[in-house]
Amino acid sequence: MRHVSLYEPSLLHSFAEWLDSHAWSTALIESLWVWPLLESTHVLTVMLFVGMLAMVDLRLLGFAFKEAPVSHLTSRILPWSVAGFVVMVATGLLLFYSKPVSYTHNVWFRLKVVLLIAAAVNAWMFHRRVSRDRERWDSQPKPPAAVRMTAAMSLGIWASVIVVGRMIAYNWFECRGGQPAFIVWAAGCAAELAE
Amino acid sequence: MKLRKPHAARRSNPAGALAVVVAAAAAFTGAQASAHHAFGAEFDPNRPIVVRGPVVKIEWTNPHAWFHVEKSNEDGTKTVWMMEAGTPNTLLRRGIHRNSVPVGTEVIIDGYQSKDLSHRGNGRNMTFANGQTLFMGSSGTGAPRDGADPTEPPRGGDTPAKKVEAAEPAGDEAAGEPAEAEE
């Protein structure tokens, strides 16, 4: 609380408050069936997306389907992965929309967003790498180290996303008095407490 | 969860890969198992509490509803306690919805206080002025098997389960079986 006077409510906080004021947001969080179904669908499509991605990553690491060219595997698996991704993102956005202020000031959620950005950067770097000399290692049982590194990063980041995502529900760093200064900063508590 | 560096598994073979996956899965399910027991993560089974007073606010939110009850303390002060309940869906099946518990309703909620000793608790039984008692919590959370949950008989067997009368159904046949309400 002692920091409050130093801050104006942040832009993120104002945006979350605006979303929170929507009747649909309230209807979602209070719904009897839609919210549980959204959450279940989110988890199931995370499973589909990360599961498919994990098999590609394990191939790139040289652990799985070593005899199959990478392109053969990805052409079959990636459509499923993309389908999972689309529904996963849609349900994720709706879940955020149902409780925007709470998630905005949840350190686990913030960490998850950072990890998602890291995953996106990693994927982008991988695709640059692939477009450069994929033909050279497409059929190799064990692709080059740089490729394997991005695959390992992908597995590690997505596993972390899932763990951190699950932790969102067990947030013991809620914005209230007595949290350490680091948490007040990381969760953007000043903006919420300034309300 | 740290993944093994690629070069650490230079001699890759299916068994080795399987071992990595199994280890990762074990690490992950371990984390899940401890997180699944929402009760133990947040509430202290050794701090049973009884909160009696008028309901001042109810958050009918997923994945848990919260009942705010104003308790009058012995020194004359008042404290608002937040008591956690199941999902809106669970509560409806047990017989209550937003219009059946208006603000101001006198209730007695017994439950367990949060580990951080804030004025929050995990609600078990909610008793109304007319004596109706309702299990308001969630099943399968790892909460003490105190007999409040009709689907979780108390441990040991020498303490008989409290009779839990179904509250007045809220309109339709709402007194069905209690639902799981895990996040």
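Which residue forms a salt bridge with Arg134(A)? The first legend takes up this question, and the others visit further contacts in this predicted model.

**View 1. Arg134(A) and Asp138(A) form a salt bridge.** The partner we were looking for is Asp138(A), and the closest N and O atoms of the two residues are 3.5 Å apart. Arg134(A) is partly exposed, with a relative accessible area of 21%. Asp138(A), with a value of 12%, is buried.

**View 2. Asp133(A) and Arg136(A) meet in a salt bridge within one helix.** Here the N to O distance is 3.0 Å. Both residues belong to helix 6 of chain A, where they sit 3 residues apart, about one turn of the helix. Asp133(A) is buried, at 16% relative accessible area, whereas Arg136(A) is exposed, at 53%. Over all chains, the structure holds 8 salt bridges.

**View 3. In chain B, a salt bridge links Arg120(B) with Glu42(B).** Their side chains come to 3.8 Å, N to O. Arg120(B) lies in strand 5 (residues 120-128) and Glu42(B) in helix 2 (residues 38-42), so this pair ties together parts of chain B that are 78 residues apart in sequence. Salt bridges that share partners also bring in Glu174(A), joining Glu174(A), Glu42(B) and Arg120(B) into one network. Arg120(B) is buried, with a relative accessible area of 11%, while Glu42(B) is partly exposed at 25%.

**View 4. A disulfide joins Cys175(A) to Cys189(A).** A disulfide is a covalent bond between the sulfur atoms of two cysteines. A search of the whole structure finds 1 disulfide over all chains, and its S to S distance is 2.2 Å. The torsion about the S-S bond of Cys175(A) and Cys189(A) is about -85°, so the disulfide is left-handed. Cys175(A) lies in the loop between helix 7 and helix 8 of chain A, and Cys189(A) in helix 9 (residues 189-193), so the pair ties together parts that are 14 residues apart in sequence. Both Cys175(A) and Cys189(A) are buried.

**View 5. Aromatic rings pair up too, and a search over all chains finds 13 such pairs.** In one of them, the ring centres of Trp108(A) and Phe173(A) are 6.3 Å apart and the planes stand at 35°, so the pair is tilted. Trp108(A) lies in helix 6 (residues 107-137) and Phe173(A) in the loop between helix 7 and helix 8, so parts of chain A that are 65 residues apart in sequence are tied together. Trp108(A) is buried at 16% relative accessibility, and Phe173(A) is buried at 19%. Elsewhere, Phe49(A), Phe85(A) and Trp158(A) form one aromatic cluster.

How values were computed: Residues are numbered from 1 along each chain as its sequence is written. Chains are lettered from A and ligands numbered from 1 in the order in which they are written. This is a predicted model: local features need pLDDT of at least 70, side-chain atom pairs count only at pLDDT 80 or more; totals for chains, interfaces and linings use all residues. Side-chain values use heavy atoms; hydrogens and water are left out. Rings of Phe, Tyr and Trp (its six-membered ring) pair if their centres lie within 6.5 Å; planes under 30 degrees apart count as stacked, over 60 as edge-to-face and the rest as tilted. Helices (H or I, at least four residues) and strands (E, at least two) are DSSP runs, numbered from the N terminus. Buried means under 20% relative accessible area, exposed over 50%, partly exposed in between (1.4 Å probe, protein chains only). A disulfide is a pair of cysteine sulfur atoms within 2.5 Å. A salt bridge is a side-chain nitrogen of Lys or Arg within 4 Å of a carboxyl oxygen of Asp or Glu.
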